Amino acid sequence: MKRLILTFIAAAAVQPAAAQIAFRPVVEQALDDVILPSYASLAEAASAETGAMTTLCTEPSAETLDAARAGFADLVTAFGRVELYRIGPAREDNRFERLFFWPDRRSRGLHQVQGIVADEDETATDPATLYDKSVAVQGLLALDFVLAGDGSESITEPGSFRCRYGASIAQVIQRNAEEMLDDWQGPDGYATLMRAADGNIYRTHGEVAQDLIKAAAEELQIVGDFKLGNVLGDSAKDARPRLAPFWRSGLALSSIVANIDGVAALGGVLAGALPEAEAEMGGALGFELGRARAVIAPLADDPRPFEDLVADPDAYRRLEYARSPIGGAFRVLDQRMPGALGLTLGFNSLDGD
């Protein structure tokens, strides 16, 4: 019987053994050294891309298009490093979906984006009215289509609607990135609530650590099962590369590398709470993530279109192999680390049985 899919904020009990572990220092380090700087980088990248898109529209050329695409790559990487935090500020006003509407089942979001471009809907060129539209037409994947999808060559034409729509998308992305950063670091922000752990959201710092470990574990499951597993299928002939986010811009694997880096940064800090007898677990997590990164990163730099890359037998084999260490890292976070810390993650929101 299938288990009901639970939300990411489902409560899970912290076992009494966790009371003997000092979680507060690692929670504060995670906030100060990983989470807040990563969101600041996202806001910075979003602002830079807004500027690049504005320049592209006012001074269209091959050079300004290259700059906008390079800025988009930086933005995708910055988002990839915070993608695991589907909690707190990301949940307010559907910000996560506004930034990253994926998976796009039945391509409904894509069809909406294509419709806006085909109809040249001028309301989509105003960030205020675009924000009120479907979340699918105002985020990273919408901008991916504008910059690299069918017909993207028209973006350098004088007065291009496509460019003005893309500039509007960039401004909405910037708005969401800056609002999330503000909601994390403000005086009454989510970081303050995590630091306090006074019962407002979290009763203990162990519960905060529990939520962060769960977020990291679920991100690895998404990468291994969906971003790679569903895309690769059972064999090269069954592969469906167009299921991967950012395949048009050739950033599908760069995004996954950023996901791995985000999990590694957070997991490395959280491992600091492990008892001395279990300290090797942090090394095991880093080793598995390092193995996966070492396989995927060179392929991310391959200039071939993602579809051609997946069709290459050697590249396919390497990507399939990468799922093994990703699965190993997932098991460390989902099973071994919580047990060593006296935590119980509860039901995984992505699983069913």
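This is a predicted model: local features need pLDDT of at least 70, side-chain atom pairs count only at pLDDT 80 or more; totals for chains, interfaces and linings use all residues.
1. The crossing of H1 and H9 is left-handed. On the H1 side the contact uses Arg24, Val27, Ala30 and Ile35, and on the H9 side His205, Val208, Ala209 and Leu212. Sorted by class, the residues of this H1 and H9 contact come to 6 nonpolar, 1 polar and 1 charged.

2. Stepping back to the whole protein: you have 13 helices and 0 strands. Reading along the sequence, the pattern is α-α-α-α-α-α-α-α-α-α-α-α-α. The radius of gyration is 21 Å, close to the 20 Å that the globule rule gives for 353 residues, so the protein is as compact as a globular protein of that length. If you want box dimensions for a figure, the C-alpha atoms fill roughly 65 × 50 × 40 Å along the principal axes.

3. How much of the protein counts as buried? The figure is 51% of the 353 residues. As for contacts with a separation of 6 or more, 77% of them are between residues 24 or more positions apart.

4. H10 packs on helix H11 (residues 280–300) at an angle of about 160 degrees, and their axes are 9 Å apart. Anything over 145 degrees counts as roughly antiparallel, and H10 and H11 are therefore roughly antiparallel to each other. H10 passes H11 in a left-handed crossing. H10 brings Leu253, Ser254, Ile256, Val257, Ile260, Asp261, Val263, Ala264 and Gly267 to the contact, while H11 brings Leu285, Leu289, Ala292, Arg293, Ile296, Ala297, Leu299 and Ala300. By class, that contact of H10 with H11 has 13 nonpolar, 2 polar and 2 charged residues.

5. Helix H2 (residues 62–80) and helix H10 (residues 252–270) pack at an angle of about 35 degrees, with 7 Å between their axes. H2 passes H10 in a right-handed crossing. Val76, Thr77 and Gly80 of H2 meet Ser255, Ala258 and Asn259 of H10. The tally for this contact of H2 with H10 is 2 nonpolar, 4 polar and no charged residues.

6. Now the backbone. Most residues other than glycine have a negative phi, and most peptide bonds are trans. Where does the cis peptide bond involving Pro103 fall? It runs from Trp102 to Pro103, with omega near 0 degrees. Pro103 is in the loop between helix H3 (95–99) and helix H4 (108–119).

7. That loop between H3 and H4 also holds Ser107. Phi of Ser107 is near 60 degrees, a positive value in a residue other than glycine.

8. Asp93 is another residue to check. It lies in the loop between H2 and H3, and its phi is near 55 degrees, again positive in a residue other than glycine. With a relative accessible area of 41%, Asp93 is partly exposed.

9. Last, have a look at Pro127, which belongs to helix H5 (residues 127–131). Which residues does Pro127 touch, not counting those up to four places away in sequence? They are Ser168, Gln171 and Val172. Pro127 and Ser168 are 41 residues apart in sequence, yet 5.0 Å apart in space, C-alpha to C-alpha. Pro127 has a relative accessible area of 22% and is partly exposed.

Notes: Residues are numbered from 1 along each chain as its sequence is written. Side-chain values use heavy atoms; hydrogens and water are left out. Axes are lines fitted to C-alpha atoms, for helices over the stretch in contact, and angles run from 0 to 180 degrees between N-to-C directions. Helices (H or I, at least four residues) and strands (E, at least two) are DSSP runs, numbered from the N terminus. A crossing is left-handed if the near helix is turned anticlockwise from the far one by less than a right angle, and right-handed if clockwise. Contact means heavy atoms within 4.5 Å. Ala, Val, Leu, Ile, Met, Phe, Trp, Tyr, Cys and Pro count as nonpolar, Asp, Glu, Lys and Arg as charged, and the others, Gly among them, as polar. Angles under 35 degrees count as roughly parallel, over 145 as roughly antiparallel, 65 to 115 as roughly perpendicular and the rest as oblique. The radius of gyration is taken over C-alpha atoms; the globule rule is 2.2 Å times the number of residues to the power 0.38. Buried means under 20% relative accessible area, exposed over 50%, partly exposed in between (1.4 Å probe, protein chains only).
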